[in-house]
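Please examine the model shown here before reading on.

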Amino acid sequence: MVVMSGMGEPLLRVEDLRTYIYLDEGLVRAVNGVSFTLDRGQTMAIVGESGSGKSMVAQSILRILPERARIESGRILFSANCGSPRDLAALPPNGKVMRSIRGGAIGMIFQEPMTAFSPVHTVGDQIGEVARLHRGASRAEARAAAIEALRSVGFPDPARKVDTYPFELSGGLRQRAMIAMALVCRPALLIADEPTSALDATVQTQILDLLLRLQREYGMALLIITHDPGVVAYVADLVTVMYFGKVMETGPAASLFEDPQHPYLQALLQATPRFGLGPGERLQTIPGAVPGPFVSVRGCPFLSRCPEGEPALCGSDMPAMRPLGPDHRVACYRRGSVAETAVAAAGAEKL
Amino acid sequence: MAAREDGEPLLEVRDLTKHFPLYQPWLLGLGRRQIETVTAAEGVSFTIHRGETLGLVGESGCGKTTTARLILRVFEPTRGEISFRLGDTAVRVDQIRGKALRALRPHIQMIFQDPFSSLNPRMPVGEIIAEPLRLHRYGTEKEIIERVKTLMGLVGLNVQYLRRYPHSFSGGQRQRIGIARALALNPELVVCDEPVSALDVSVQAQVLNLLKDLQRELGLTYLFISHNLAVVDYVADRIAVMYGGRIVELAPKQQLFERPRHPYTEVLLASVLRPDPRLRGGAQSASTDGSGLASGGPACVFASRCPYVIDRCRVEAPALQSVGPEHAARCHRIDELSLTPLPRRARVAGSSG
């Protein structure tokens, strides 16, 4: 069940988040003014290509940014227990509160389960550690919790597999073990950064089905970071499209795929290899490439590749998000006239 | 140059087999002993015709890359024949060595998956592309530089970047460098091993279109390896599906998608995720987990995962049998099963209005 928006505070509200990376070569504005909200039980996909900043959003929320990266400004409001929201961006990243939220109310799974696990501890020890740290479970309780968690993610013979090491497992099972570890504390939000990108296609659907089943059972919200439009279409209720650290378009998955508005999203979907092309029909390509990481772009970052862009219109300021429908917004000067914008905004307010 | 006729067999592979021995340290690490044999490819047979693209699909560990490397003679085959049409004669790639093998190399080239690790970071782009030309004594220094410039133009690289190093290029541009290097010696067969898997979606289309254009302009023949069925559908004419080191089905792409004849192909088609939320639920999980890695024994390689398995499958490996023109599959129940094709889509996603 999707909780209606407007019923109190959403689970997660990210407001104008900016995360910069300070490198010797220069400043990288990895996340440059990103805002979105996620309600309890919802699934949002953040989709973008490499360098779009999508993973940095996840790492900012979890406060596990690399050493040289820093949240510059913005708020990450998280309200786990229907209490008053807490600004994760203002907490010390390794403080007591953040450590209890990370792995507790917010679970996380990563792309490469081989590097995310310690190679020298058994799967069971690592899953059980979560229960010991967050719930103060005893050794025996932790082991029981690990077995139970492995069972819930469909591990065959969990009582025996609890004593295996990560390298003994296949990629699919390793990812299941990681999901088990993330879910020990029944998080309200699960963040999954490219959870299936390292897996074979047949295993990928198994893992995504598992995530969707567990989400329904536990009523958690799911934030999936991915570059794959196929994964987005399969799992997401809501989609946020990022490009060069900025949100280009956000809205319900059905609207975004059936009627994409931003020229970038339109071009991206046209460029995606897909079935059913007629003989001789070609994929449309997006000319050029993403601006380099150290480039500072004043206007719309897609301008140099945009078929509809005009330097005079789009080159000086990033367009604000314009509402197209209740939940559908796009950052493009060429979309949503002023009148439409006002009407849509009024409609949104009524809801 | 010999008359090139489209459609004549260019590469014929028969019963190609590769076993890798697995060793374990022995006598306190002073020696080693063989403990097991991994069957990376077993009885692989196919023909590639001049000017066509044969797609090779399957999950990791199924033997796609091993097959490619056997054809390039990176690995020595355990058994089997590889025969390549060179002019009017058929060269037995698996048997030649030394000078004859060296003379064959220009005709079969490879494009690699990872555009980062496949280019020497200490070599400027011009040198990377010139290297095969120098190795095969293409001509004078001036001729080589001219050829490098032509190649860079051909793949859409700015000739001014001749002296730049790989690190200053994006993934897509690096893949273009790799393509230019592969094309330097005018090959007839190009083995493309996951050439776009490491690239962003917006760049994939550029590289795929480039490969298609080059094929048309230069009359190239491709063996195109990918795990992405949509990509293979875009570039290939026929598709070979590999599982556990064996080709389990081989068919023209349309037939493979519309009338799959092997249970593994069905599983593969069902697991395709398409950028269209209306097809949600169309994708189905395979019932069991498997690695696609080959195992020994007389059973069908897919028996342990197959939803249609019967007793016979566990004791006897099926042979590749023909089920129509150009369509073959390796299954005992080929005539009884009616398998689910790739779901048709209502319309192409993303085509607004």
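## A hairpin in chain A

S9(A) and S10(A) form a hairpin with two residues between them. In the turn, A:Phe244 has a positive phi of about 50°. Helices (H or I, at least four residues) and strands (E, at least two) are DSSP runs, numbered from the N terminus. This is a predicted model: local features need pLDDT of at least 70, side-chain atom pairs count only at pLDDT 80 or more, and totals for chains, interfaces and linings use all residues. Residues are numbered from 1 along each chain as its sequence is written, while chains are lettered from A and ligands numbered from 1 in the order in which they are written.

## Partners of strand S9

Two strands pair if DSSP finds at least two bridges between them. S9(A) is joined to strand S10 (residues 246–252) of chain A by six bridges, and the two run antiparallel; here A:Val241 stands opposite A:Glu249. Strand S3 (residues 43–47) of chain A runs parallel to S9(A), with four bridges between them, and A:Ala45 stands opposite A:Val239.

## Burial

A residue is buried if 20 or more other C-beta atoms lie within 10 Å of its own, exposed if 12 or fewer, and partly exposed in between, with C-beta atoms placed from the backbone. Six of the six residues of strand S9 (residues 238–243) of chain A are buried, so this strand is largely enclosed by the rest of the structure. A:Leu238, A:Thr240 and A:Met242 point one way, and A:Val239, A:Val241 and A:Tyr243 the other way.

## Confidence

The predictor gives the complex an ipTM of 0.81 and a pTM of 0.86. Chain B averages a pLDDT (the predictor's confidence in each residue, from 0 to 100) of 88.
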